[in-house]
Amino acid sequence: MQISVNGKIHNVDAGEETPLLWVLRDHLGLTGTKYGCGIGACGSCTVLLEDEPVRACLTLLGEVENKKITTIEGISPESNHPVQQAWEELQVPQCGYCQSGQIISAVALLSETDEPTDEDIDEMMSGILCRCGTYPRIREAIKLAARKISEQRINQ
Amino acid sequence: MRSFSPDRRKFLKLSMAAAGSSLILGISWSCTQDTPSNTDNQSDNFSPNAWLRLDPDGSITVIVAESEMGQGPYTLMPMMVAEELEVEWDRIKVEHASLDPVYGYQLTGGSGSIRKGWSTLREAGAVAKELLLGAGALALSVPVIECTARLGKVVHNPSGREVAYNELTDIAAKQPIPGTAQLKEPNEFTIIGQPVPRLDVPEKINGKARFGIDTKLPGMLYATITHCPVFGGKPKSIDASEAKSIKGVKDVFPIDEGVVVVASDTWTAFKAKEVLSIDWEYGNKTRISTESIINQLKARPLEEAQTAWEEGDVETVLSGSNAAVTAEYIQPFQAHVPLEPMNCTAHFKGDGRLEVWAPTQSPSSAYDTAKAIVQSKIERGLKKVQKKLLGIHDDSIDVHTTLLGGGFGRRLKQDYVSEVVQVAQRYEQPVQLVWTREEDVQHDHYHPLTLHKMRGATDENGMLIAWEHIIHGLKVNASGAATLLYDIPNTRVLVQDIGAIVPWGPWRSVAPHYNIFAVEHFFDELARAGNNDPLELRLKLLRDHPRLSKVLEIAADKAKWEARPNGAISYGAAVLSEWGSNVAQIVELAETDNKYFQVKKVTCVIDCGIVINPDIVKQQMEGSIIFGLSAATKSKITINNGRVDQSNYHNYPILGIHETPEIEVIIVNNEEEPGGIGEPGVPPLAPALANAFLSATGKPIRELPINIESG
């Protein structure tokens, strides 16, 4: 099967029912997408499928053929997406394990909402669990990233 | 500056054999603080435990032996070295120490890293700076007394000539360890005390950070394990025919802890695990349940309890009082559920070496575990692997510590290491073992269930005159309960321990988590019984603990305790003094229109002595409050028929962003010795919340977690 991840086409020798999570991690070596629960309850495996956030542990290989998949490794060329900048500026990560899912979800939120309210943030991010408790900084970093994105637009 | 005489046995200067070499400084330090007594392998021999390396390219590398699980040692330990070395922070790199007996016992826990490293790491920086100063003076042909170390250079003050550290590594490596060196006074610090960015953040925002589960080795096989659902059970017989028919499944076999599937990838192993048909020998724990454990705790005669603390005559005062107050609190088992599930990778190499890649809080314990497996297998004479195993020597086991996707105490246990070593010994290829989340939740080493029986009495003025706390539980102790900090004339703390009848493990903040809840909530019950404001009474009875009363006063001031509104919002406070730190937290609980409650805000004040990095202290307080709030309002492990009822985040929920209150953290600055920060922020949260509920409803909390919707 052929899939497109971060702008590259890959041939994958796996069954159609294989979750995208394990295709990414074990077949393509893209380990930035994390396994946390396997039932869509923690959000650590969140990736973008045609720019929409999906849980890669519940998304089957057969469903993603010829669709655009973006993982944490592919959201910016030099770790400089405004969300990543905000994450670094506000020092969000602690252990860091859930942060790929957090960042991908924040990218998805900001692609559809210019100025997310607290309710918007809750709605998009409530399913992405963090055991270290980085939530207060995630909330602030999303708002900072939103300001960065709007500044970029003005400058352009 | 103050002078000290470096202990020459403590510092070892090494230079690489090759020319153009690096300056490497080995440091020996005591790590008794967190070392379990039975594994303490301290000796008088030189035992370097942290290393500083100056490379000719100008980079300065601090090698850290503490596990990075989010709590910050990859940044905090290098900060202490860089401060005394007089270098710019942005030149500092960090590497994880490999496992070597010369490093001493490597174990990260007990909020001990900073307290352990405070003197030694600064001394290491200071000694290295002294060596470089001497080398710089030689290079410039000037007296050392005329030189200063500044921003990675040795400067000759009269002439302004200077030479960079990295040009001095060769000469410095030939200098003797200096007889005296200088340590800065706190008011001279330029790095310590600053919110410098964490060194591990850049790789944690782009997917490049490598956790244990991200270990990828050529030809690696993937394994998973299913443990007996009943604690302590073993596989009797296995029907693996369906599992083995799945493409990519290599093998299915039992090991001591359960049944293993080995496959070409993780998902194939997980799939095969689901279709295994196993007949288990359940063993003798099938009748254990939460209820049976509580009954067992309640039935235990008081005579069997151990006295942890006794002062005055509690019994006489209580029996003579007509205002005695009693309470019982039950706190449930808790699981750790770090987001990275248990995993480990091992490879028995052709040359007889065993390499282990482990996300572990104790590489030394991982090593001991691996060695024990290897040796016991040899003793049991398993012919198939004997030849290979006989090639394994004590010094031929390497443990590589990866980043940890959360620890919280779970990764002080090495069960995953034991398992993967048993599996890997059958193969030439490396093997990675990954547990499913379900195995993680059901086969954790749990924070114990506890029952606290409290009795207390007040005099006619509402002052506390008697206090009794009996702690019942599984492998429990009195830490956090005895010595009681409050000035009460008659106090007694007893411990009634029934042992680890279900798997037990340290869980972030360990015994103070359950004991501080009981102490601090009962304090409010007694204060109210005596018509006292709990905050005022606390301050009165903590007068001999100025650092603790100060954090409480600041918290009350910041949270506007005096001016708190009537009715709509209720306040609760709790304090803790453990791990060398003092913490006060105030919870603001709002009652909404529908008689529901919501935690609006938590104000947290910490005095952890000298602050190494205020932003990391703040991170730890934020994270601790959220960790504490999960346990106080959501999480609970229950047991029936010897099995854990919960299996994943849907039925063992932890707090989400939408449930996270506003958190304000205030750090008290002073010049006391640094205290721990990983754990002290957890225990005060639950009692502060319970006290806010008591204030709101008039009803004390008897069991955790609190039903946040109704109290």
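How many residues of domain 1 of chain A are in contact with how many residues of domain 2 of chain A? In this predicted model, 15 residues of domain 1 of chain A are in contact with 12 residues of domain 2 of chain A. On the side of domain 1 of chain A that touches domain 2 of chain A, at least two residues each are supplied by the strands β3 (46–49) and β4 (52–55) of chain A. The most is given by β3(A), with 3 residues. By class, this side of domain 1 of chain A has 6 nonpolar, 6 polar and 3 charged residues.

The two domains of chain A are set by the domain assignment, in which domain 1 covers residues 2–74 and domain 2 covers residues 82–155. A distance of 21 Å separates the C-alpha centres of domain 1 of chain A and domain 2 of chain A.

Contacts were also computed between the chains. Here, 45 residues of chain A are in contact with 47 residues of chain B. On the side of chain A that touches chain B, two or more residues are given by each of the helices α1 (20–27), α2 (82–89), α3 (99–112), α4 (118–125) and α5 (135–155) of chain A. Of this side, the largest share comes from α5(A), with 4 residues. The residues of the side of chain A that touches chain B comprise 21 nonpolar, 18 polar and 6 charged.

Methods: Residues numbered from 1 in each chain as written. Chains lettered and ligands numbered in written order. Predicted model: local features only at pLDDT ≥ 70, side-chain atom pairs only at ≥ 80, totals over all residues. Contact = placed C-beta atoms within 7 Å. Nonpolar A, V, L, I, M, F, W, Y, C, P; charged D, E, K, R; others polar. Domains from an automatic or database assignment.
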